[in-house]
Amino acid sequence: MDEQRESLRKIITTLALKNEEIQNFICCLKQNLQNLEANANRVQGDLDLEFSSLHAVLDELKEGMVTRIKQERASRTYELQNQLSACTKALESSEELLELANQTLCSSENDSFTQAAKGIKDSVTMAPAFRLSLKAKASDSMNHMMVDFTQERNMLRAIAFLPVPATPEIQVAECQVFDNTVTVVWTLPEPDSKIDHYILEHRRTNHEGPPRAREEYPWMVVEGIKENEYTLTGLRFETRYMTFRVKACNKAVAGEFSEPVTLETHAFVFKLDAGSAHQNLKIEDLTVEWDSSGGKSGTTVQDIRKDKNRTNSPMHSPARPAVMSPKRAPTARVGRDRFTAESYTVLGDTMIDAGQHYWEVRFDKESKAFAVGIALRSLGRFDQLGKSNASWCIHLNNWLQQSLTAKHNNKARTLDCPIPDRIGIHCNYEEGALSFYNARNKTLLHTFRTKFQQPVIPAFMVWNGSFSVQTGLQVPSIVLSGQKRNSNTSSSNASLT
């Protein structure tokens, strides 16, 4: 009996809350009806004012537009009235259940109480109040029927609520690609003051010309553009081209997309050649970690990271079979052996034999040793970066004391500068210039000047540490503009070339 009373009390509380919720919703529906009437009258009034200034020609169009507004209002009124009626009936039913529940709770006849309480519980389960959707089936907004005929007075017979915007045209000659940004510029066939915004879509591709039926990459969308141009920033150019298209939108409808335009994105893209990597380096895409176990079964990334704190001399590091990433198979290259002994090196998989190229590397500043630069493909498998005439590098040494040096042909120059956590590398093949920058502020760290007699390739070394490479980058404009200015500074050292 007590349990049933408690259950009935909970039901009463639930019913009361539900009734209050329905009452609030009914108030909202009534307000929606009032707003609908007011908004419909408002837009109709606006329409009347517009038509009064257009005289005879507009009178022909007015009847059709008023009819559409009335139909919209009638349709929404019908939906809201039906919903209001259903809510009212549900509220009446719920109030009757509430009254019956209160009477039953106050009843002193135990025999009939149990049966009555069960009946009330069953009735509540099937009550309409709990099957109602408390979301208005129609909106009270009539904004989509607002009009502005200022520009259409000279086109009386072509008047409509709002025309479909014309198709823009991308101006290829005005588009710019630099600093891993792309600025896209477009125009409309004729000025249109009703354009509210533009939508720009872009995607990566590896071919010129129009999009194919099946593309490898999806469209990326940029909405809400207010001007006739847009600049995409922070891009990585991992493909040779990017395709763009744009469409105009007014407050009611969007137009057609422009013809797609493909822009070439000049950038240096490469991967790490796992087939060249020292057995103590774990290669995972563009990330490298020192692995003192050399790929021993059961080695985890956590085990590898613990080894960074060991202080064993590299002369006593074991050399065991390497752990290869399942994502990348070793690149087979004729005449390229895996680095071994104390040359904890890995090369890129793409040669540089012309042009200017830029890439960046982020490294663990607590690494015992780290080096980045370029090398000839013929670099010996025992050669360490910077210790022969086949490689040029910047070298971080954390053994005994921290230092940053520029190395080539077993000659070194200590660099008097803060040690960055990210280095940018710029290779100008024709000029024979290899420059290193603080990648965050583009401060020049050092420049090697030489004459490359054969192709070179990105090269990296790490001992008891890790690093990750970022490719798909264009040569920053600040680097290009600073080349001549820095050509005769102390950052260049003829003795290292």
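The model is predicted, and local features need pLDDT of at least 70, side-chain atom pairs count only at pLDDT 80 or more, while totals for chains, interfaces and linings use all residues. Residues are numbered from 1 along each chain as its sequence is written, and side-chain values use heavy atoms, with hydrogens and water left out.

View 1. Strands are DSSP runs of E with at least two residues, and helices are DSSP runs of H or I with at least four, both numbered from the N terminus. Strand 3 (residues 181-187) has 6 of its 7 residues buried, so the rest of the structure largely encloses this strand; buried means under 20% relative accessible area, exposed over 50%, and partly exposed in between, with a 1.4 Å probe and protein chains only. Strand 1 (residues 169-170) pairs with strand 3 in the antiparallel sense over 2 bridges, and Glu169 has Thr187 of strand 3 as its bridge partner. On pairing with strand 6, Thr183 has Thr231 as its bridge partner.

**View 2. The hairpin of strand 2 and strand 3.** Strand 2 (residues 176-178) is joined to strand 3 by antiparallel pairing over 3 bridges, with Gln176 standing opposite Thr183 in strand 3. The hairpin has 2 residues between the strands, and in this hairpin Asp179 takes a positive phi near 50°.

**View 3. The salt bridge of Lys251 and Asp196.** A salt bridge is a side-chain nitrogen of Lys or Arg within 4 Å of a carboxyl oxygen of Asp or Glu, and the side chains of Lys251 and Asp196 meet in one at 3.5 Å, N to O. Because Lys251 lies in the loop between strand 7 (241-249) and strand 8 (261-264), and Asp196 in the loop between strand 3 and strand 4 (197-205), the pair ties together parts that are 55 residues apart in sequence. Lys251 is exposed, with a relative accessible area of 72%, whereas Asp196 counts as partly exposed at 26%. A network of salt bridges links Asp196, Lys226 and Lys251.

**View 4. The salt bridge of Glu201 and Arg245.** The side chains of Glu201 and Arg245 meet at 2.7 Å, N to O, in a salt bridge. This pair links distant parts of the chain, with Glu201 in strand 4 and Arg245 in strand 7, 44 residues apart. Glu201 counts as buried, at 10% relative accessibility.

**View 5. The salt bridge of Glu360 and Arg422.** Glu360 forms a salt bridge with Arg422, and their closest N and O atoms are 3.1 Å apart. Glu360 lies in strand 12 (residues 356-363) and Arg422 in strand 17 (residues 422-428), so the pair ties together parts that are 62 residues apart in sequence. Glu360 is buried, with a relative accessible area of 6%, and Arg422 counts as buried at 16% relative accessibility. A search of the whole structure finds 11 salt bridges.

Key:
Pairing = 2+ DSSP bridges.
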